[in-house]
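Q: I would like to learn how to read the features of a protein model, one at a time. Could we look at it together?

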Amino acid sequence: MNGLGLVKGLLLTFKHFFATYLVDIIGGKKSKARRGQITADGLFTIQYPEESVTIPEEFRVIPFLVYTLDEEGQRTYRCTACGICSKVCPTQCIWITRAKDPETGRPITESAEFYIDIDKCMNCGSCAEFCPFDAIKMDHDFHIATYERGETHIFPKEKLGKPLEYYATIRPVNYQAEEIARAAKAQARATT
Amino acid sequence: MEANQDINRPGIEIPAELRQQVTITTLERIYNWGRSNSMWPMMFGLACCAIEMICTAASRYDFSRFGMEVMRPSPRQADVMIVAGTVTKKMLPPIVRLYNQMSVPKYVIAMGSCASGGGPFKEGYNVVPGIDTYIPVDVYIAGCPPTPQGLLNGLITLQNKVKNESMKEAGWYSKGKEVEVPIPVLGPDVFDPRKMDLIYEETHKPLEIPAEDAGTEGEPQ
Amino acid sequence: MSDQPVLAPIYNELMAEFPQQIEIESRPGFKGVIVNSSALVDVVTYLHDKKGYDYLSNLTAVDDYPEDQLEVIYHLFKSTGGEIIEFKVFTKRDEPVVPSLYSIYRGADFQEREVWDMFGIKFAGHPDLRRLLLWEGFEGHPLRKDWKEPFYEEDIKPYKNRWPEGRGERIENRNPFKDNVQYPRDFDPKIYEPEADQSVYKLLQSQIPQDTGDLKVEQLVVNIGPQHPSTHGVFRMAAVLEGEKVLALKPVIGYLHRNHEKIGERNTFLQNMPYTDRLDYLSSMSNNFGYAITVEKLLGIQPPERAEFLRVMMAELTRIASHSMAIGFLLNDLGAFFTPSLYALEERELILDIFESVAGSRMMCNYFRFGGVVRDITEDDFNKVKYMVEERLPRKIDDLDRYLTENEIVKMRCQGVGVLTAEEAINYSASGPSLRASGVPYDIRKVDPYSIYDRLEFDVCYQNHGDVYDRYLVRLAEIRQSLRILKQVIKQIPDGPIQTGKVQYAVRVPPGEAYGRVEGPRGELGYYVVSDGKNNPKRYHVRSPSLMSTTSLEKMCVGGKIADAVTILGAVDVVLGEVDR
């Protein structure tokens, strides 16, 4: 009981306090680039919203539906309404209505309606993981604060749709791998 | 919306020679500006989201940059209640009581899916499907859990809301506008005193097809 | 599993000792023996006193609806390590009574109350059989199979109305009250009088020692929580104080009861995986781990080598993140406002970054699959882990050590506070750092090794005083041991596949039961899963270490100061998501 441990502890906090700024002053821009990274030794704070932490590729918020645009600006969704995502969804927050051929009345591989209740979604990524058509993917956009809930938190198909190019920008590595796999599949189908 | 957020652009022309020395604002704007930059959240966590809220308060995201550093455990001193996590029926009466104890102007953020609308646990028997069933919510943040940056985005959204409020319309300077939310009671299931008549009506309804309803506690399907 | 399972010798001994009372479990896939309800206390006393089965790990029930039968299942272990003994007691559904084990294992206290709450099984001889997670006055016992909640849709997922004719609609619109509620017939809210915790207060009053000294001091009932900055969530301690001294204390829990088990029985096996993340939300990887190995026991599959290493890597990183946060928040409770916890959170953030990059989410990782993991670690992330483990974390942990361990204030506040002796800790079924701080070197990674822990070198950390300070020391030492494990993992991790077979979204699990347990950051995390051959578990129970730790809270706090109660709670380090589930 001599207070030495206390002094030691205080010295450590002082060191932490001064070193933080010192490192940043000496290191300048280099030190700032390390901020919030594993090599960080200076200030740790990230100045959101001016800057943001690096969002890794696998990061997931809520799902979106991938579509491509044709020349007339019509959306072609990759989704075939197979229903796997709604089956694997742990919270059962996905509703799909399968489209029907207007003439024959038989179901076709297209969804007429697609809803996700984002108030139930637990961002687990199961839908994207098990989708056989790479049609549903997890978004990176976490700026989803709203003033209203009402029915606006049940996202319909239009709101869920995002272009393929967007997907390619947020998940470049996955996108590349999938495109290669898709091309190989298409070729295999063409040869047989 | 955008124009209203700049405190020193009230739409009054400043003569060119005074532009560097004088700035003009309206009382409302400076008042809202001050309020929005000193929102004290209540130190109040329920579940998983609370951990993300702590991370938002910690050094990496640090919401003291927005004037929110003083997290008050007492509702009397807090401006914002961040409902961070699943609201269960057992926890509902304390939450409503805490909300009533907060002094106006008060704001509520429903952080995460659970607080907004029940979330993944919505189907459970002890979960409230959204805190907005009982108390008014100002900002909803989806995500399970929202990342610290997502929460910061929500807080900024709330600040924007505050900046656009008008003193004339605000309830807290006029008498009798603030009504206390009646505290739910834990009975056989939680019940809202505001819905007593409806509950009485439903539980005393004559059974239509008694054979089918047997064993399901008289709950109409 | 053959039709005639080979019984461990202990069962034969038991049958020789109690010839008429014990039956062998004959259902395929099920283990253990069935004990006659009237002989239960004798059998358990024999096991406890003569055979050294002094640790009640798990106690739960299964509803065999539509058969007229409820089962109560017991899992016992020896605190010195060794084989499990599991047995069941059957009782009738309409009037279920089973003798209580409260007098033999105090750890049965909360578990029996939970079973009463959820299944309505009465435990004869339990002194305080109140509802644990729900409130007194709640209608029904929710985990019975024929009990339906207000938002009930179907017995099992996936629900049929989602596809192919799904219409996005909220279920509350189908409820007459537009809320998640239902009331029994003829319920009149106007004349209803709520119980309002009267039973807790009555119980507290009955436990106050009559003669507390000559000086008459006014006694005060104080509720700490459910909203209190030091309770780490929605935890409530109802205490009777005399001055600053705690005369009686009762934890009141259930404020975060999210019906994990009821939902879990409706989910498919895989759908439960992301739900387990939300149990102990500070260590989701460990939760995944426990659930994965339990279901793998039922499936009879083994993950490939690389997946095992990845699993251990993630579990140990979780342990570091969780322990350092526990230390930080213990200091918060001591009044070292925020500095230590900010230091701890900084390192936790960096570990979470790795999780985010590997698994996709900071906290809710959902990383494990049956027979492997969801994706491989990239070169970049692997280097990050390597840097963290070899360079950064040892330095930071040393800092934390230098900062706190010798600090006189920490020592004064923590030493000798909240003491739990070894016998008490075992009897109260404490686990993890709480148990080891009391001088019981019981670590599941050593006594019952799972995954690749038998091939890794590490020490079981333990201390002998069983106070708050020792729990802190154990946590600190365990972080160092985790780093040691991680260094070996980084060195030895082989290349290869990360998944056995293809991940199926509908896993068909053969009928049977399995009890799997892992050493989570908070202690023994057990999962008890019963399958009846369908896509959904028939019973899914979580043996949560935090709940077991709260059992002994009363014992540790009574007689001490109220300020110490907060410290003790911080040192026990409960996570409410896991206590209440």
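A: Let us begin with a definition: a residue is called buried if 20 or more other C-beta atoms lie within 10 Å of its own. Please keep in mind throughout that this is a predicted model.

Q: What percentage of the residues in chain A are buried?

A: Of the 192 residues in chain A, buried residues make up 35%. The chain contains 7 helices and 8 strands.

Q: How does the radius of gyration of chain A relate to the globule rule?

A: The globule rule gives 16 Å for 192 residues, whereas the radius of gyration of chain A is 24 Å, well over that value, so the chain is more spread out than a compact globule. Along its principal axes, the C-alpha trace of chain A spans about 90 × 45 × 35 Å. As for contacts in chain A with a separation of 6 or more, 62% of them are between residues 24 or more positions apart.

Q: Which residues are buried in helix α4 of chain B?

A: The general idea is that an α-helix has 3.6 residues a turn, so residues three or four places apart point the same way. In helix α4 of chain B, which runs over residues 92-101, the buried residues are L92(B), I95(B), V96(B), L98(B) and Y99(B). Because they cover an arc of only 155° around the axis, they lie on the same side of α4(B). Among what covers these buried residues are the strands β1 (80-84), β2 (107-111) and β5 (190-191) of chain B.

Q: At what angle do the axes of helices α8 and α18 of chain C cross?

A: In general, two packed helices are described by the angle between their axes and the distance between the axes. Here the axes of α8 (residues 305-334) and α18 (residues 562-572) of chain C come within 8 Å and cross at roughly 175°, which means that α8(C) is roughly antiparallel to α18(C). On the α8(C) side, F329(C), L330(C), D333(C) and L334(C) meet V566(C), T567(C), G570(C) and A571(C) of α18(C). The residues of this contact divide into 5 nonpolar, 2 polar and 1 charged.

Q: How many residues of chain C are in contact with chain A?

A: There are 38 residues of chain C in contact with 37 residues of chain A. On the chain C side, the elements that give two or more residues are α6 (272-277), α9 (339-359), α10 (379-404) and α11 (408-414), and α10(C) provides the largest share, 8 residues. The residues of that side divide into 16 nonpolar, 10 polar and 12 charged.

Terms used:
Residues numbered from 1 in each chain as written. Chains lettered and ligands numbered in written order. Predicted model: local features only at pLDDT ≥ 70, side-chain atom pairs only at ≥ 80, totals over all residues. Axes fitted to C-alpha atoms, helices over the stretch in contact; angles between N-to-C directions. Helix = DSSP H or I, 4+ residues; strand = E, 2+ residues; numbered from the N terminus. Parallel < 35°, antiparallel > 145°, perpendicular 65-115°, else oblique. Contact = placed C-beta atoms within 7 Å. Nonpolar A, V, L, I, M, F, W, Y, C, P; charged D, E, K, R; others polar. Buried ≥ 20, exposed ≤ 12 C-beta atoms within 10 Å, placed from the backbone. Arc of directions from axis to C-beta. Rg over C-alpha atoms; globule rule 2.2 N^0.38 Å.
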